[in-house]
Each structure stands twice: as C-alpha cells, then as structure tokens.
Amino acid sequence: MDALIHFGKADILNGESTVIYGLDMDIFPGDFVYIVGKVGSGKTSIIRTMTAENRLLTGEGSVCGFALNGIRTRDIPYLRRSLGVVFQDFQLLMDRSVEDNLSFVLRATGWKDQRLMDERISEVLKSVGMSTKAHKMPHQLSGGEQQRIAIARALLNKPSAILADEPTGNLDGETADGILQLLVKLNREGTTVVMVTHNRAIFEKYPGRVFSCKDEHCEEVVDDGIEVQI
C-alpha cells in the first residue's frame, strides 16, 4: 500500500528556521495518527508543510499524490482540496449561518449546482450529528457544536485525510471527548486522521500511531515503554 502522506529525511521549517530535522514519516490510508510534543516543538509546522503553507526545501515529501518539493503555486489549491483541515479556534465566518458557512466553501472550491450543494451540506451535517443546526448562527452554538461544524466543513470535498491541529484545545474535557469520538467514527468509516495534540489523556484513551516531537526531531513511538514528553 502506498503512503498517503510521506516524508523522507525532510527538514521542517517555521519561517526561515528549521524546527524538525530529518523527518521520516509514512501515513497510510485509514491510519489514525497523533503528532505530540511540547509547545514550540514543531508539531504545527509539520501540518503546515503537509498543506504546502510551509516550504519543503530539504528531503522529500508528498501528500495525496502531490510532491511537496517545488510544488507549483497553481497546484496548491488542488492539494488542499484533498485534505480537510480542522483548527483549534474553529475559524467559522461569524456573520453567516452554518449552512452559509458550508455553502461558501463549496462555491469557493468549484461547486455550482445548488441541489448538489444542498445534498452535500445535509450529508456532512448528519455525519457530525448537527442536522438540526443548519440555520443557526455560530454564536448560537456551543464550542463543541462549533467544532463539529468545522469538522463538517472539512469533510465537504470528501478529503483523503483530515488534519486536526489541537481540535480540542479550547474545549472542556467532556466536550473534547465527544469530538474525539466523532473523529474516531470518521476514521472507522475510512477517513485518515492526523491530529496534533499536547493532551496525553487523548491518545491514551483513543489509541493510534504516535509521533513524538522533541529536541528538533520527530519520531514514531513504537515501544510502549518509551516516555512521550509533552
């Protein structure tokens, strides 16, 4: 099976500074992967490299069939459509309803048929348990509900993988647990999930592959006896 996301001896940048040296990482279809580490250890920079927001100059990398080395500017939107990205702070448009938030994304990515857009919006809202919230404004929703809408938005174009950057960081424990259960459900239905977190309780309760970032390196934790420092 070919890797959906691949890095080989890749140096990960944050601006002009290298934050991770020599990253080797292969993520396969159907994987649930955690990238863990302390604040500033390079976790988010790896995600930004996957989306081609950060350049890859040293080593090799590919995501969903797109080579990251020297990727053309015009190809970046197509790369990003193969991914669904979920952020800690939701990043919803606060002046638009849930339905209009989702419609905006579909139109921006080339959808034109209103009937098909309505059907897709209904499908993703149902998949995250938010079918009755289409006409709500974001400020009328709880933090957990807003994050569910953000996950629905990430699913609109049927991505090969969801990249979730601290998706539970602004949520209380019970609400965070619900978001993790949702991501696990989506993973079991076939979506690859890559999640950045510094919350040990999450990856201990919901096991997956774990890559630990520290001392300017990121390596997979393959021995249960290895201490993950976060």
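The open sheet here has 4 strands, ordered β2-β1-β4-β5, and its pairing is antiparallel. Pairing means that DSSP finds at least two bridges between two strands.

Before going on, the basis. This is a predicted model, in which local features need pLDDT of at least 70 and side-chain atom pairs count only at pLDDT 80 or more, while totals for chains, interfaces and linings use all residues. Residues are numbered from 1 along each chain as its sequence is written, and side-chain values use heavy atoms, with hydrogens and water left out.

Back to the sheet, starting with β1. Buried is under 20% relative accessible area, exposed is over 50%, and partly exposed is in between, with a 1.4 Å probe and protein chains only. What does β1 pair with? On one hand there is β2, residues 17-27, which runs antiparallel to β1 and is joined to it by 7 bridges. In that pair Ile-5 stands opposite Ile-27 of β2. The β1-β2 hairpin has 2 residues between the strands, and Gly-15 there takes a positive phi near 70°. On the other hand there is β4, residues 60-63, which pairs with β1 over 4 bridges, again antiparallel. Phe-7 has Gly-61 of β4 as its bridge partner. As background, strands of a sheet pair through backbone hydrogen bonds, either parallel or antiparallel.

Now the chain as a whole. Its secondary structure comes to 7 helices and 10 strands. The radius of gyration is 17 Å, close to the 17 Å from the globule rule for 230 residues, so the chain is as compact as a globular protein of that length. That radius is taken over C-alpha atoms, and the rule is 2.2 Å times the number of residues to the power 0.38. Along the principal axes, the C-alpha atoms fill a box of roughly 45 × 40 × 35 Å. Of the 230 residues, 49% count as buried. Among contacts with a separation of 6 or more, 71% come from residues 24 or more positions apart; contact means heavy atoms within 4.5 Å. The accessible surface is about 11,400 Å², and 47% of it belongs to carbon and sulfur atoms. The areas come from the Shrake-Rupley method with a 1.4 Å probe, and for residues only the protein chains shown count as cover.

The buried ones in α1 are Lys-43, Ser-45, Ile-46, Ile-47, Thr-49 and Met-50. After α1 comes Ala-52, with a positive phi near 65°.

Helix α3, residues 98-108, has Val-98, Asn-101, Leu-102, Ser-103, Val-105 and Leu-106 buried. The cover over the buried residues of α3 includes α4, residues 114-127, and α5, residues 143-155. Just after α3, Gly-110 has a positive phi of about 100°. In general, an α-helix has 3.6 residues a turn, so residues three or four places apart point the same way.

Two glutamates also have positive phi. Glu-166, not a glycine, has a positive phi of about 50°. Glu-166 is in the loop between β7, residues 161-165, and α6, residues 173-188. Is Glu-166 buried or exposed? Glu-166 is buried, at a relative accessible area of 10%. For Glu-216, phi is positive and near 65°. Glu-216 lies in the loop between β9, residues 209-214, and β10, residues 217-220. Glu-216 is partly exposed, with a relative accessible area of 43%.

Val-210 counts as buried at 9% relative accessibility. Which residues does Val-210 touch, leaving out those up to four places away in sequence? They are Tyr-34, Val-36, Phe-203, Glu-219, Glu-220 and Val-221. Val-222 is 12 residues from Val-210 in sequence, and the C-alpha to C-alpha distance between them is 7.9 Å.
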